[in-house]
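Look at the model below before reading on. The report starts with one chain and then turns to how two chains meet.

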Amino acid sequence: MTAVQAFQPDDENEYRRAELRASLDRFVRENYSRVLKFLLRQCFDRHLAEDALHEALIVTMNKWESVSQHEKPLYWVRRTAWHKLLTLHDRQKWDDTVPLEFIPAELAEPTSSQEAEMTLQHVLSQLPLQQRAVLALMVEGETDEQIAMQLGLAVTTVRTYKSEVRKKYRSLSRTDDEGGPA
Amino acid sequence: MTFDELIELAAQDVPTPLEHARARRAMRRIDEDHERRLSAGAEIFSDVDLRDPLNADFTEAKRIRRAAELRKRGAVVWDADTRRIDWSDEMSRIFGLAPVEAHKSLTSLYAMIHPTHRTAVSRRVRGAWRGQSAAEFVCRIVVRDGSTRYVEVLLEILTDRLGRSTGIIVTGHDATATHKRLQDDKRREIRASSVQQDLAEVDGATGLLSRRAFADEVGRALQTGTGTLLVISAPPYIRLSSDTETGRDEWFGTAAAKVIRDFVDPDPCGLLGPHEFGVLMPYTTFETAAPKADRVIASLRETRFMAGCGRLDAFGGLVHYDYRFPTASIELLLDAETAWRRAKHEDRALHVLRQPPPADERRETCRAGIRNTVKNGRFALYAQPLRDLELNRITRHEILLRVLDDVGRPTPPTAFLDLAEHVDEILAVDKWVINQALRLIGQSPQTSHYQINVSGRSLADPLLLHHLRDAVARYGVDPEHLTIEITETAAIGNLSVARRFADGVRQLGCQLALDDFGTGNTPLGFLTKLPVDLVKIDGSFIHGLPASEALQAVVEGLVQMCRKLGILTAAEYVQDEATLDLLRAYGVDFAQGFHIGEPDQLATSRRRTTSVELNLPPATTLEQRDAG
């Protein structure tokens, strides 16, 4: 017996379902690109990221009634999508290489948000998985505690990762300075 | 740009209308997938934690543990207050323990870490605790049945709301397969750089194949098809006694090789001896090959070289081969060599050997030629110094054989010795060498230690030992200053006979050495089965040693092994100081090579003959057969 059949098609339920559905549509419209971008900052493979996100959204659709009651449904969706991505990663050992178009020819000072994204992708590609997630959430402006909650890490670990990410950025921009013309 | 500025700029990237459209399309697809799964009765949220991540009811430890479980990671939690440790069922599985029976304590956990990793792991744990930082590492553990696993772990420090450390949580999974794969990838990488890319031995100056490599090439062709083999002798028209020293010989060799290659590329070419070249022409007949050979020889003769070097004389011998009439490659080469001598004798450019001699006749003429060479003493003995690397001075000399060519100049004996071994006449040569060398040593002040070469083939002859004993006594040579080197070119057939010889040599007071160790026919087992005193590492391991880590590994390992067995080591072919430094570092006892000292003539042999060809079958026999 499935959830759809469990409800009698009376008016009140119908109304509630329509409202839930509308709020879900609104949620997806507002957050789809954001979560996808979060995933893309870790795996560089659009198909894999979309697959993970769709899996997560199917669960979301099924459980929206309770998820929508969360303080921040986005956190739950994002965490679930991230877990789906990690599962896919564990399962198929994805190819961790960055497509060439993501690697800027030279690490010039980014002037637009797109250029900044390119530089960011370059930094991300040099990091281990968990640190990528931490950096991606830093870009979204989350606090240490919020990042820790979503990624299932200790707060101290988030701090460690953050400092390692900064260290990596410094070392990358330094070698790029040396490589470029003086 | 600072890191924070970069993040701020990247965060300004807002979704485009295109992305909104994509979201709408995605929503439709998700809807369909959802419906399909519901109707199929598939489980939708099997590996999903449905709780709100912001739910504050959970302690940090519990939260991390749940996340780990969801990803099928094991978890170990240590509480700083109670000093108690606990681990999840998944971790028990990784440790190879049953979940219920496991006695969970810090000591039992520590005992499961592989002894080689214990110190490193405790150091990492303490470091993480002190710095309140996370640590990631791969740890080797020993499970109950004694087997080893690799666990990839993330070690995190738990804190309370005030930021005080309250415990440690370690999450991890069995990464043995991954670890092994990485290990094997690394190994493959090393292997790819340590294995020689091209097996063909190529002469440095001319770029042609060495005699051995060319013979291999001929051997392969012999088994697969038909064709012709051309051997060209192209010595300088006017020979000077100083040719070797002035480099004129080498210069002519390079020039001739260039001319020949221009004509016959891409057929395989080999440098068979001084001024002697081989060209293999597969799938040709006498009719097609002879004109080509004529052209090559004419070109060699016509070419004028600059700066008073004059010109080349050239003769060619052409033979045919066919896989249906099997011959050995050494015999085919011999036939072709006989053919160019015949051409020279008849003063023609090319001799085409249409009818090869029967095998036994060829063998007999060969043996006669070798015996003749030995009888006439057409050899010269040279002595090359070996430096004792500990004392850093010359303490030994190796006696080297040189065969005198038709004008009485010494040439390297490789081809001659190969042939002598092939037709089983090497014993006569070895006896001559022992006799002459000991005679000359007996006449000298005997201040050095001398090493004499004996073919592995000759060991089977019980008379050789008597011969050696007699010679030592007759010429009054101190046997303690004598080493017999067994050359590796031919396999030592019978080990117990060889052992008897070796024991006899040592009873005499002489020492025993294995020459060219590592490339030829001497298995490692001989090091324990024969009472060897010295191993000479083959020159192919020494040449280019400073540039090759692979060779360094081989030499270093070989030396270590020999030291433990009480065997001295010597390195041939030492050509520069860098090689010498490495050998010294490895603890090699002796070094030999042009960098140490070139061979010097020990003394000329009794008399010199000037007319006869080296191992040439008498021309009359050939003429008789052709006529018949």
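## Chain A on its own

Take the contacts in chain A between residues at least 6 apart in sequence: 61% of them join residues at least 24 apart. Keep in mind that this is a predicted model.

Chain A is built with 8 helices and 0 strands. Read from the N terminus, its elements run α-α-α-α-α-α-α-α. Chain A has 182 residues, and 37% of them count as buried.

## Where the chains touch

The contact draws 49 residues from chain A and 43 residues from chain B. The most come from α2(B), which gives 11 residues.

What kinds of residues make up this side of chain B? There are 26 nonpolar, 11 charged and 6 polar residues.

## One helix pair across the contact

Two packed helices are described by the angle between their axes and the distance between the axes. Here the pair is α5 of chain A (residues 113-125) and α1(B). They pack at an angle of about 125°, and their axes are 7 Å apart. That angle is why α5(A) counts as oblique to α1(B). The crossing of α5(A) past α1(B) is left-handed.

Which residues make this contact? From α5(A) come A:Ser113, A:Ala116, A:Glu117, A:Thr119 and A:Leu120. From α1(B) come B:Leu6, B:Leu9 and B:Ala10. Sorted by type, the residues of this helix contact are 5 nonpolar, 2 polar and 1 charged.

Note on methods: Residues numbered from 1 in each chain as written. Chains lettered and ligands numbered in written order. Predicted model: local features only at pLDDT ≥ 70, side-chain atom pairs only at ≥ 80, totals over all residues. Contact = placed C-beta atoms within 7 Å. Helix = DSSP H or I, 4+ residues; strand = E, 2+ residues; numbered from the N terminus. Nonpolar A, V, L, I, M, F, W, Y, C, P; charged D, E, K, R; others polar. Axes fitted to C-alpha atoms, helices over the stretch in contact; angles between N-to-C directions. Parallel < 35°, antiparallel > 145°, perpendicular 65-115°, else oblique. Left-handed = near helix turned anticlockwise from the far one by under 90°. Buried ≥ 20, exposed ≤ 12 C-beta atoms within 10 Å, placed from the backbone.
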